Amino acid sequence: MKYTQLKNDIAQGARSIYLLEGDDAYFRMKGEEMLKSAFVQMPELNFSPFDGDTLKGSALTSLISAIESFPFMSEKRVIKVTSLHPTESEYEKYLKKTFENFPPTTVLIIVNAEGKKGVDLKRKNCITYVDCNRADEDTVAKWVFLTFKHAGITAPADVCTTIARYCLCNMSRVALETEKLIDYKKQGTLTLEEVDCNVYKDAEYRIYEMTNAVARKDYGAYIEIQSELCRKNGDETTLLSGLFSYFKNLLTILSSFDGDAELAKLLKMKEYGVKKSREQARAIGCERLKIYVACIYSVLADVKSGLLTPQSALQNFNNKIFFA
């Protein structure tokens with residue numbers, strides 16, 4: 001199930017094992033909080049955390065022992081394990097029997113930032129998988145809208161979507177920026193101008209804006225964003241390297257026949273990011289992307305060999321993409 005479905009699922013009663021897995025730390029944290037709030041009474045006696053990195057081989061028996069212990073004057077005992085990645089043989093030897101015949105007095109919460117080599121826990125029928133990966137733009141914007149509504153603030157759809165985009169749909173950042181805006185606004189209608197002035201734009205988002213300016217041939221917007229990034233980072237070489245990586249990914253996405261999920265794994269991106277990058281890459285075009293990648297590679301090589309200063313290299317690239 002998706003993280004957004006967890007609250008309603010909890011209302012139907014406890015499941016035996018929950019796997020909260022995904023790249024959004026906010027979803028993992030809030031999912032754990034919801035489960036503990038619903039099922040833990042007297043946490044000092046009926047809640048036990050474990051570090052999965054220390055549970056290797058026979059050490060897994062300590063987890064099983066905790067799972068099979070009875071709660072103290074309570075209906076449920078809750079066990080939490082962070083970063084549990086057993087091998088196939090470890091699962092078969094130490095976990096399978098208990099996991100598939102789980103005691104009704106215990107709830108196990110497994111919190112994993114990402115899947116690793118070993119047994120794929122989310123495919124086990126005895127485990128309830130909660131997808132805690134970064135949500136899509138519409139879901140995040142809806143969350144922002146409802147949060148503002150509960151705080152007595154009106155936020156139009158375009159304002160909520162802008163907040164999601166500025167934060168790259170990272171819910172930890174979205175939640176922080178939303179709370180900041182609630183403290184700032186207090187009540188009334190939130191405007192795009194207020195969001196633009198108060199919400200920090202992720203550096204990756206700023207590069208995304210830069211490349212959109214390239215697609216539009218908007219030199220003024222491009223230089224404005226570039227100057228801001230250079231001012232913050234103080235390093236033209238770092239900016240060129242970031243642009244090289246970004247344009248190379250756009251070219252890969254546009255040239256590949258793989259789907260968003262496969263490309264996300266290959267490029268170590270989020271599926272939402274691949275989708276938005278594909279749209280951007282189509283706007284620029286394959287031939288132009290090839291020219292941009294070759295040009296950045298060339299000027300970076302000249303910087304490393306001492307033929308160009310970083311400032312001159314960046315200027316050469318700017319001239320190439322806008323005036324060549």
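This text leads through a predicted model, from its sheet to its packed helices and then to its pockets. Because the model is predicted, local features need pLDDT of at least 70 and side-chain atom pairs count only at pLDDT 80 or more, while totals for chains, interfaces and linings use all residues. Residues are numbered from 1 along each chain as its sequence is written, and side-chain values use heavy atoms, with hydrogens and water left out.

We begin with the sheet. Strands of a sheet pair through backbone hydrogen bonds, either parallel or antiparallel. Here an open sheet of 5 strands runs in the order β2-β3-β4-β1-β5, with parallel pairing; strands (E, at least two residues) and helices (H or I, at least four) are DSSP runs numbered from the N terminus, and two strands pair if DSSP finds at least two bridges between them. At the edges stand β2 (47-51) and β5 (128-131), each of which pairs on one side only. From one strand to the next the twist averages 20°, where angles run from 0 to 180 degrees between N-to-C directions and axes are lines fitted to C-alpha atoms, for helices over the stretch in contact.

Two packed helices are described by the angle between their axes and the distance between the axes. For α2 and α8 (residues 171-185) the angle is about 80° and the axes are 6 Å apart. The two helices α2 and α8 are therefore roughly perpendicular to each other, a term that covers 65 to 115 degrees, whereas angles under 35 count as roughly parallel, over 145 as roughly antiparallel and the rest as oblique. In this contact Ala25, Tyr26 and Phe27 of α2 meet Met171, Ser172 and Ala175 of α8.

In a second pair, the axes of α13 and α14 come within 8 Å and cross at roughly 105°, so α13 and α14 are also roughly perpendicular to each other. Asp260, Ala261, Leu263 and Ala264 of α13 make the contact with Glu271, Val274, Lys275 and Arg278 of α14.

Rolling a probe the size of a water molecule over the atoms shows where empty space is left. On a 1 Å grid over the protein atoms alone, a pocket is an open set of points with protein on both sides within 12 Å along at least five of seven lines, a cavity is a set where a 1.4 Å probe fits but cannot get out, and lining residues have an atom within 4 Å of a point. The largest pocket holds about 1,200 Å³ of space, and of its 38 lining residues the closest to its centre are Asp23, Tyr129, Asp131, Asn133 and Glu271. To this lining α13 (260-267) gives the most, with 4 residues. The second largest pocket holds about 570 Å³; it is lined by 17 residues, with Tyr3, Thr4, Lys7, Trp143 and Leu146 nearest its centre. Here α6 gives the most to the lining, with 7 residues.

Conventions. Grid points are joined across faces, edges and corners, and a volume is the space filled by probe spheres set on the points. Contact means heavy atoms within 4.5 Å.
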